[in-house]
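I opened the notebook to record what I looked up, entry by entry.

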Amino acid sequence: MFDNYEKFKKDVLQLTKIDLNFYKEKQMRRRIDTIAGKNGCKNYDEYISLIKSDKEKFEKFVNFLTINVSEFYRNPDQWKLMDEEVIPKLLKDQGRSINIWSAACSTGDEPYSLVMAFSRHIPLSNIHITATDIDKQVIEHAQVGLYNEKSVANVPADLKKKYFTQVGRSYQIANEIKRCVNFKEHNLLKDTYPKGFDLILCRNVVIYFTDEAKDMIYKNFYHSLKKHGVLFIGSTEQITNYKELGYNRMSSFYFSKEE
């Protein structure tokens with residue numbers, strides 16, 4: 001019987017440092033009950049015991065919990081706007097050396113997409129990206145930089161030819177792109193936020209959080225941005241109270257900090 005979710009949340013926090021209070025309960029419980037049941041557990045205590053004693057099961061649980069779905073140039077129309085309007089604005093306002101944070105970066109598709117997008121405008125040596133995620137496994141995947149055909153389907157043909165090497169049915173990203181990205185572990189709901197960014201990208205992540213958690217995250221991003229900096233969110237997300245949080249709306253998914 002999957003009850004006593006309050007105790008389970010405390011156990012998970014102690015074990016993983018992930019606070020499930022920030023997640024929508026109904027949606028998260030359904031997902032957790034499914035994975036626990038698939039592992040033969042009859043209640044939350046049994047599942048906690050399992051992931052405590054089995055490192056592989058523990059890592060699978062964290063990976064499952066953090067919902068990693070990513071691909072290069074996801075939602076191409078938004079990346080077209082990035083190329084034609086956002087990057088020129090940033091270079092005009094911030095100068096030609098750009099500091100970027102890709103938050104909840106998953107398997108690295110989005111920070112590497114950012115490097116390639118900016119490479120059309122400035123030298124790679126001027127592009128500095130901090131890419132963070134709560135999940136150690138996906139960071140390790142990102143650092144390898146090997147992707148399947150579906151992940152790279154939206155990469156513009158010239159960039160795909162220039163920066164990827166085909167290995168069997170997979171694609172290896174070039175070391176010169178990888179060198180622009182510094183991967184780190186970071187928990188958006190718990191850790192101190194780094195500062196001094198011209199652009200922050202955080203897409204299709206906060207939809208799983210409560211409204212209070214979303215506001216906290218967007219406020220923290222605001223303070224992490226430089227003046228005239230830009231926040232890029234996902235196509236499944238909205239910031240309806242962006243004015244209260246201090247942002248100007250550039251388009252549906254781009255918000256600027258104009259003090």
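Axes are lines fitted to C-alpha atoms, for helices over the stretch in contact, and angles run from 0 to 180 degrees between N-to-C directions.

**Entry 1: the model.** I noted that this is a predicted model, in which local features need pLDDT of at least 70 and side-chain atom pairs count only at pLDDT 80 or more, while totals for chains, interfaces and linings use all residues. Residues are numbered from 1 along each chain as its sequence is written, and side-chain values use heavy atoms, with hydrogens and water left out.

**Entry 2: the whole chain.** I looked up the secondary structure and found 11 helices and 10 strands. Helices (H or I, at least four residues) and strands (E, at least two) are DSSP runs, numbered from the N terminus. The C-alpha trace spans about 60 × 50 × 25 Å along its principal axes.

I then checked burial: 50% of the 259 residues count as buried. Buried means under 20% relative accessible area, exposed over 50%, and partly exposed in between (1.4 Å probe, protein chains only). Contact means heavy atoms within 4.5 Å. Of the contacts with a separation of 6 or more, 76% come from residues 24 or more positions apart.

**Entry 3: α2 and α4.** How do α2 and α4 lie to each other, roughly parallel or roughly antiparallel? Helix α2 covers residues 25-38 and helix α4 residues 55-65; they pack at an angle of about 150°, with axes 11 Å apart. They are therefore roughly antiparallel. I recorded their crossing as right-handed, which means that the near helix is turned clockwise from the far one by less than a right angle (left-handed if anticlockwise). On the α2 side the contact uses Met28, Arg31, Ile32 and Ile35, and on the α4 side Lys60, Phe61, Phe64 and Leu65. I sorted these residues into 6 nonpolar, no polar and 2 charged. Ala, Val, Leu, Ile, Met, Phe, Trp, Tyr, Cys and Pro count as nonpolar, Asp, Glu, Lys and Arg as charged, and the others, Gly among them, as polar.

**Entry 4: α1 and α4.** Helix α1 (residues 5-16) packs with α4 at an angle of about 110°, with axes 12 Å apart. This pair is therefore roughly perpendicular. Phe8, Val12, Leu15 and Thr16 of α1 meet Phe58, Phe61 and Val62 of α4. The contact has 6 nonpolar, 1 polar and no charged residues.

**Entry 5: single residues.** I found glutamate 25 in helix α2, partly exposed at 37% relative accessible area. Leaving out residues up to four places away in sequence, glutamate 25 touches Tyr5, Glu6 and Lys9. Its C-alpha atom is 9.3 Å from that of tyrosine 5, 20 residues apart along the chain.

Is lysine 214 buried or exposed? Lysine 214, in helix α10 (residues 211-224), counts as buried at 18% relative accessibility. Beyond its neighbours within four places in sequence, lysine 214 is in contact with Lys24, Val206, Ile207 and Phe209.

Conventions. Angles under 35 degrees count as roughly parallel, over 145 as roughly antiparallel, 65 to 115 as roughly perpendicular and the rest as oblique.
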